Amino acid sequence: MIWLTYRQFRTSAIVAAGVVIAFGIAVVSTAAGLSGLYARSGLASCHASCTTSTTDFLTAMKADGTYPALYFVGLGLLLLAPAVIGAFWGAPMITREVEGRTLRFVWHQSVTPTRWALVKISLLGLASMAFAGLISLLISWWAAPIDAAGGFPVGGGSQLSRFQKVVFDARGVAPLGYAALGFVVGVVLGVLIRRTVPAMAATLVVVAAIQLAVPTWIRPDLVTPVARTGPVLTASAFQPAQFGTEGQVTVPVDIPGAWIVTDRTVKPDGHSFSMLGASQCSDLAMAQTDDCLAQQDLRQVVRYQPANRFWEFQGIETAMLLGASMVLAAGGVLWLRKARLT
């Protein structure tokens with residue numbers, strides 16, 4: 001069974017190995033240069049008031065187009081990997097046998113259908129996790145200086161920290177869980193749809209939906225956020241504020257490496273503040289508007305996940321994804337035993 005599985009998927013395995021090797025060569029050959037920039041900036045020995053050193057490092061890093069390119073290539077590989085693995089490895093696993101009318105022949109050999117399915121799911125699932133894990137290990141190791149500086153700068157004072165949605169899924173052990181789940185989703189959809197191309201298309205859609213749903217609706221509730229409330233007393237605090245389409249005011253908060261879950265500006269009664277309800281401040285010049293807002297006795301309510309919870313979230317989410325993969329795979333095998341696919 002192992003040899004047969006390898007023979008059927010050796011082309012995909014060779015392509016995956018080539019991607020890992022090529023990416024590995026790229027990051028290893030540039031890691032020393034990136035680490036050198038970090039060391040020369042003084043960030044390694046800085047423990048307070050490191051804004052200047054951080055700016056110097058990130059500016060020098062972005063000035064060399066190689067580092068931003070590799071950073072986003074690594075993100076792209078890991079964000080696309082679950083859907084691509086599910087579509088090209090998972091979905092065809094059953095459908096190629098059904099469409100080729102070879103499933104009955106395969107199942108009437110000495111290997112039982114259950115063992116045939118379990119071996120193939122296990123081997124290809126582990127291969128999927130190995131691919132995602134190696135890429136994640138490489139990019140996490142290579143990008144460590146950037147993550148230590150608060151994340152990749154994207155303009156407007158914002159940075160892509162490890163807790164950001166697009167970065168979290170491409171760091172640590174979370175990519176293993178998403179790769180395993182993407183593969184199993186592809187297998188199950190292949191069993192249900194029984195046509196390769198439709199199953200591949202459905203897999204791309206379903207896995208993309210999972211990657212959107214988990215960080216948006218599930219991840220924020222895995223651990224209770226820390227709450228911080230404080231007054232907004234000065235006009236200067238409103239200068240970098242953002243004003244929403246409905247008049248809501250969001251005052252930026254600086255908590256290094258943290259995931260800001262919610263950031264609200266509220267009135268003394270606890271209700272959200274809106275410029276639409278503060279007519280005395282809405283028609284003034286910008287400088288006067290800031291002074292007017294500072295006199296409204298506003299408070300800032302922030303709910304956030306501290307940076308030191310990163311690995312706690314990684315462990316919980318990965319365990320959840322792997323558990324879902326195992327349950328889904330078991331259900332697919334049980335359904336496969338009872339279905340008439342030939």
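**Questions on fold, packing and backbone**

Visitor: Where is Asp297 found?
Guide: Helices are DSSP runs of H or I with at least four residues, strands are runs of E with at least two, and both are numbered from the N terminus. By that numbering, Asp297 is found in the loop between α12 (286–294) and β7 (299–305).

Visitor: What pLDDT do local features need here?
Guide: Residues are numbered from 1 along each chain as its sequence is written, and side-chain values use heavy atoms, with hydrogens and water left out. This is a predicted model, in which totals for chains, interfaces and linings use all residues, side-chain atom pairs count only at pLDDT 80 or more, and local features need a pLDDT of at least 70.

Visitor: What is the phi of Asp297?
Guide: Most residues other than glycine have a negative phi. Asp297 is a residue other than glycine with a positive value, near 55°.

Visitor: Is Asp297 buried, partly exposed or exposed?
Guide: Buried means under 20% relative accessible area and exposed over 50%, with partly exposed in between (1.4 Å probe, protein chains only). Because its relative accessibility is 49%, Asp297 counts as partly exposed.

Visitor: What is the phi of Arg194?
Guide: Arg194 has its place in the loop between α9 (174–193) and α10 (196–218). With a relative accessible area of 31%, Arg194 is partly exposed. Its phi is positive although the residue is not glycine, with a value near 70°.

Visitor: How many helices and strands are there in the protein?
Guide: The C-alpha trace spans about 80 × 50 × 30 Å along its principal axes. Of the 342 residues, 45% count as buried. The protein has 13 helices and 7 strands.

Visitor: Among contacts between residues at least 6 apart in sequence, what percentage join residues at least 24 apart?
Guide: A contact means heavy atoms within 4.5 Å. Among contacts between residues at least 6 apart in sequence, the share joining residues at least 24 apart is 79%.

Visitor: How are α3 and α6 oriented, roughly parallel or roughly antiparallel?
Guide: Axes are lines fitted to C-alpha atoms, for helices over the stretch in contact, and angles run from 0 to 180 degrees between N-to-C directions. Helix α3 (residues 66–90) and helix α6 (residues 113–142) pack at about 170°, with their axes 10 Å apart. Angles under 35 degrees count as roughly parallel, over 145 as roughly antiparallel, 65 to 115 as roughly perpendicular and the rest as oblique. The orientation of α3 to α6 is therefore roughly antiparallel.

Visitor: Which residues does Ile139 touch, not counting residues up to four places away in sequence?
Guide: Ile139 lies in helix α6, and its relative accessibility of 0% means that it counts as buried. The C-alpha atoms of Ile139 and Leu75 are 8.1 Å apart in space, although 64 residues separate them in sequence. Beyond four places in sequence, Ile139 touches Phe23, Leu70, Tyr71, Gly74, Leu78, Ala170 and Arg171.

Visitor: With which residues is Val166 in contact, leaving aside its neighbours within four places in sequence?
Guide: Val166 has its place in helix α8 (residues 165–168). Its relative accessible area of 39% makes Val166 partly exposed. Its C-alpha atom is 36 Å from that of Ser282, 116 residues apart along the chain. Leaving aside those sequence neighbours, Val166 is in contact with Leu75, Leu79 and Leu160.

Visitor: Which residues are buried in α4?
Guide: Helix α4 (residues 92–99) is largely enclosed by the rest of the structure, because 6 of its 8 residues are buried. These buried residues are Pro92, Met93, Ile94, Thr95, Glu97 and Val98.
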